[in-house]
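Hi everyone, thanks for coming along this morning. Let me bring the picture up, and then we can walk through it together.

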Amino acid sequence: MDDELYYKVKEDSARKGMNFSEYFRDLLSKQSGVELVIDFADIDEYVEQIEKLRKKIDAVLPTIYRSGKIYEQEAVLIKQLLNQIKETGNNVWRYVTALRQEMFDSVRKYLYQTIRDNRYSKRHNIKVMDKLEEEMNGGNEA
């Protein structure tokens, strides 16, 4: 293994909290050579929206506390904000569900195509793993 590949494997195994032996045993036990990493960074936008709504509610609460009562316009505002929070939460759920299904379908389609392309059998297992690993790493490894 050349130095570049060695350092990549060393970095990957350290990132997973494994030594070399553990890392290679883990790779071999998976047999498919496919690792799926899911990043839900888009959800941060929803979290920010919910935080803004929460701050609006917090701004109304001191008036309610000081006066000991709630005015109709504040009650209406709080109800609207709570409805917006509920809708934003529902949007997050729909987004995550759709994204999860899209990723599942995409990975399944890719794996089935790879199996068909390589006429998968025990004999070709190493060839399939090598091809998948090369594709997953952008073909940068020798």
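This is a predicted model: local features need pLDDT of at least 70, side-chain atom pairs count only at pLDDT 80 or more; totals for chains, interfaces and linings use all residues.

Before we look at any residue, one term: helices here are DSSP runs of H or I with at least four residues, strands are runs of E with at least two, and both are numbered from the N terminus. With that in hand, Ser67 is found in helix α3. Residues are numbered from 1 along each chain as its sequence is written, and side-chain values use heavy atoms, with hydrogens and water left out.

Let's stay with Ser67. Is Ser67 buried or exposed, or partly exposed? Buried means under 20% relative accessible area, exposed means over 50%, and partly exposed is in between, with a 1.4 Å probe and protein chains only. Ser67 has 29% relative accessibility, so it counts as partly exposed. A polar atom of the Ser67 side chain lies 2.7 Å from the backbone oxygen of Lys69. For a polar contact, we want a pair of N or O atoms within 3.5 Å; within protein, one must be able to donate a hydrogen and the other to accept it, and residues adjacent in sequence count only if both atoms are side-chain atoms.

Now on to charges that pair up. A salt bridge is a side-chain nitrogen of Lys or Arg within 4 Å of a carboxyl oxygen of Asp or Glu. How many salt bridges does this rule give? The count comes to 6.

One of them joins the side chains of Asp58 and Arg54, at 2.3 Å from N to O. These two are 4 residues apart in helix α3, so about one helical turn separates them. Asp58 is partly exposed at 34%, and Arg54 is partly exposed at 38%.

Ile78 is found in helix α4, residues 72-118, and because its relative accessibility is 16%, Ile78 counts as buried.

Helix α4 also holds Asp105 and Arg108, 3 residues apart, about one turn of the helix. Their side chains meet in a salt bridge of 3.1 Å, N to O. Asp105 is partly exposed at 31%, as is Arg108 at 36%. Another salt bridge, at 2.8 Å from N to O, brings together the side chains of Arg94 and Glu87. Elsewhere, Lys8, Asp12 and Arg15 are linked in a network of salt bridges.

Let's finish on the surface, with patches. These are made of residues with over 30% relative accessible area and no salt bridge; like charges are joined within 9 Å, and nonpolar side chains (Val, Leu, Ile, Met, Phe, Trp, Tyr) within 5 Å. Accessible areas come from the Shrake-Rupley method with a 1.4 Å probe, and for residues only the protein chains shown count as cover.

Which residues form the nonpolar patch? They are Met1, Tyr6, Tyr7 and Phe24, with about 440 Å² of accessible area together. Phe24 lies in helix α2, residues 20-30, and is partly exposed at 33%.
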